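Here is a walk through one protein model and its ligand. Keep the viewer open and follow along from stop to stop.

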Amino acid sequence: MDSRGAMNVCILGAGVVGLTTALELQNQFPNANFTTIAHLFNQQTTSDGAAGLFYPSSTFYGPSLDITKKWIGDAYSYYDSLRISSDGENAGVFQYSGFRLSSSVPSLVRSEYMEDVAPVHRYATEEELQQFPGKWKYGSYCVTLGIECRRLLPWALARFQEHGGKVITKKIERFGELADDYDVIMNCSGLSAEHLCQDRLMVPIRGQVIKVHAPWVTQFVFSEHDTYIIPSGRGRVTLGGCRQFSNYNLSVSKWDSEKIREECFQLMPKLAIAPELETWVGLRPHRHPVRVEAEVLSIPNKRGGTLKVVHNYGHGGYGVTTAPGTAKHAVNVFRHLHARSGGNQLSKL
Ligand SMILES: Cc1cc2nc3c(=O)[nH]c(=O)nc-3n(C[C@H](O)[C@H](O)[C@H](O)COP(=O)(O)OP(=O)(O)OC[C@H]3O[C@@H](n4cnc5c(N)ncnc54)[C@H](O)[C@@H]3O)c2cc1C
C-alpha cells in the first residue's frame, strides 16, 4: 500500500493476457497503483506472432463449460466494441469471414463456442467448397474477428501508461522478489508459469508459421493437418502450421516450413508467388484447464501480511481470442480476494 493507503498491484506479463488484465484493472479500480513487470514486450512476446483469428476450439477449457463460454462471450463483446470504437483501427481489431474444411470428419467444421458468439456461423455451400482444390466433403462458413497483436499490444501498453500505469522491464525468478513492493500479483506469465508456479499441467505446444505479404487474401481458411491461411492485418497473411506438444525448440525447422508451403499452396495456389516476410516459431502456453484463480502464498511481506497471487495463464492456442474474457474473470477474483481478506482497502482502490 502507498502512503495514501491505496493498493499496489503488479501485473506480471505484458503479452495479450497481461495487458488486457492491466486495462481491466484500471477500468474497474481507477484509484489503485498498477505496475506491469515483464522481460519481453510487444514483438518479443508469443502474442505478437499469433495469427490473431478469433476462433477457440473445444480443446480450450476453463473450470467449467459455462465459465468457458462466458469468457469467450465476454472476449468477443470486448473486441467487437473496440472494433467499432474510434480506437478500433489503432488497436488492430477487424471483422472478416472464412471457412473451416474437412475431408472426413464432420464435427471438425463445427464449433459450439463460435455458434454462440459469431454473427454468422453456418455450413458452407457446395459452391463455396468447390473454390478450394482438394476433396473437401465438409465445410463451415463463419464471420468473426481478427486481432493484430502487432498493433493491439503497443496500443494497450500506451493506454495503460496514459492512465497512470507504471512499466518495469525485468525478469522475475520467483514471486518472493515482489512481496515487499506489491500487495497482489496478477500472474499473466504465460508459459513461464510452469517454472514460477512449479505447475506440471503447463505444457508448450510448438507452432511454426510463415508470414507472407498477400493483401488479396481477405478470408481465413482452416483445414485438416493444422493447415491454415489467416489474414493478420495490413496485407500480412499467416500460413501455418503445426502443433507439437512438449516441444520447446524455438528454432525454425525447414521440414515444418516445407509442409506449410506444400499444404497452403495446394489450398490456395496463388500463394506460391506471395513474398515471404518472416518465418516465426512460438510456444503456445497450454494448460487444461486454463488457470484463473487466487492463491495466498506463504511468503511474508514487510507489512506483516502474506503475498496474494491471482493466476491468469495457460491459454494455449487461444490466448488472443480469450484474453479479455479471462481478464474480466481474473479481476473479479481479485475483487473477491480482497473482500474476503477483510481488506477495507477496497474502498480506496
Ligand atoms: C503459431 C501460433 C499461432 C497462434 N495463433 C493464434 C490465433 O490465431 N488466435 C489465438 O487466439 N491465439 C493464437 N496463438 C496463441 C497465443 O499466441 C497465446 O495463447 C498467447 O500469446 C498467450 O499470451 P500470454 O500473454 O499468456 O503469453 P506471452 O505472450 O508469452 O506473454 C508472457 C509475458 O510474461 C512475461 N514473463 C514471463 N515470465 C516472466 C518472468 N519470469 N519475469 C518477468 N516477465 C515474465 C513475458 O516477458 C511476457 O511479457 C498462437 C500461438 C502460436 C504459437
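P289 sits in strand 13. The model is a predicted one. A cis peptide bond links H288 to P289, with omega at about 0°. A second stop for backbone geometry is the bond from G240 to G241. That peptide bond is also cis, and its omega is near 5°. G241 belongs to the loop between strand 11 (236-240) and strand 12.

Strand 13 leads on to the ligand. The strand spans residues 276-300 and contributes four residues to the shell around the ligand, the largest share. In total, 36 residues surround the ligand. The closest are H39, L40, S47, I172 and G316. By class, the shell has 18 nonpolar, 15 polar and three charged residues.

Now look at the ligand's oxygen atoms. Which backbone positions come up here? A backbone N or O atom of V17 is 3.1 Å from an oxygen atom of the ligand. For L53, a backbone N or O atom lies 3.0 Å from an oxygen atom of the ligand. V320 places a polar backbone atom 3.1 Å from a ligand oxygen. How much of the ligand's accessible area does the protein cover? On its own the ligand has 1,000 Å² of accessible area, and the protein covers 96% of it.

Is T45 buried or exposed? Its relative accessible area is 9%, under the 20% cut-off, so T45 counts as buried. The T45 side chain reaches the backbone oxygen of N42 at 2.8 Å.

Helix 1 gives the most, with four. The lining divides into four nonpolar, five polar and two charged residues.

The structure has one cavity of 30 Å³ or more. The volume of the largest cavity is about 90 Å³. Its lining is made up of D48, A50, A51, I147, E148, C149, R150, K211, S232 and R236. Five of the lining residues are charged, four are nonpolar and one is polar.

Finish with some loops. Q198 is not a glycine, yet its phi is positive, at about 50°. This residue lies in the loop between helix 7 (193-196) and strand 8 (203-213). Q198 counts as exposed because its relative accessibility is 64%, over the 50% cut-off. H225 is another non-glycine residue with a positive phi, about 60°. H225 is found in the loop between strand 9 (220-223) and strand 10 (227-231). Its relative accessibility is 60%, so H225 is exposed too.

S246 occupies the loop between strand 12 (244-245) and helix 8 (254-267). Its relative accessible area is 49%, so S246 is partly exposed. From S246 to S140 the separation is 106 residues in sequence and 31 Å in space, C-alpha to C-alpha.

Terms used: Residues numbered from 1 in each chain as written. Predicted model: local features only at pLDDT ≥ 70, side-chain atom pairs only at ≥ 80, totals over all residues. Heavy atoms only, no water. Near = heavy atom within 4 Å. Polar contact = N/O pair within 3.5 Å; in protein donor to acceptor, adjacent residues only side chain to side chain. Areas by Shrake-Rupley, 256 points an atom, 1.4 Å probe, with all protein chains shown as cover. Helix = DSSP H or I, 4+ residues; strand = E, 2+ residues; numbered from the N terminus. Nonpolar A, V, L, I, M, F, W, Y, C, P; charged D, E, K, R; others polar. 1 Å grid on protein atoms, 1.4 Å probe; cavity = no way out; pocket = protein on both sides within 12 Å on 5 of 7 lines; lining within 4 Å. Points joined across faces, edges and corners; volume = space filled by probe spheres on them. Buried < 20%, exposed > 50% of the residue type's maximum accessible area, 1.4 Å probe, protein only.
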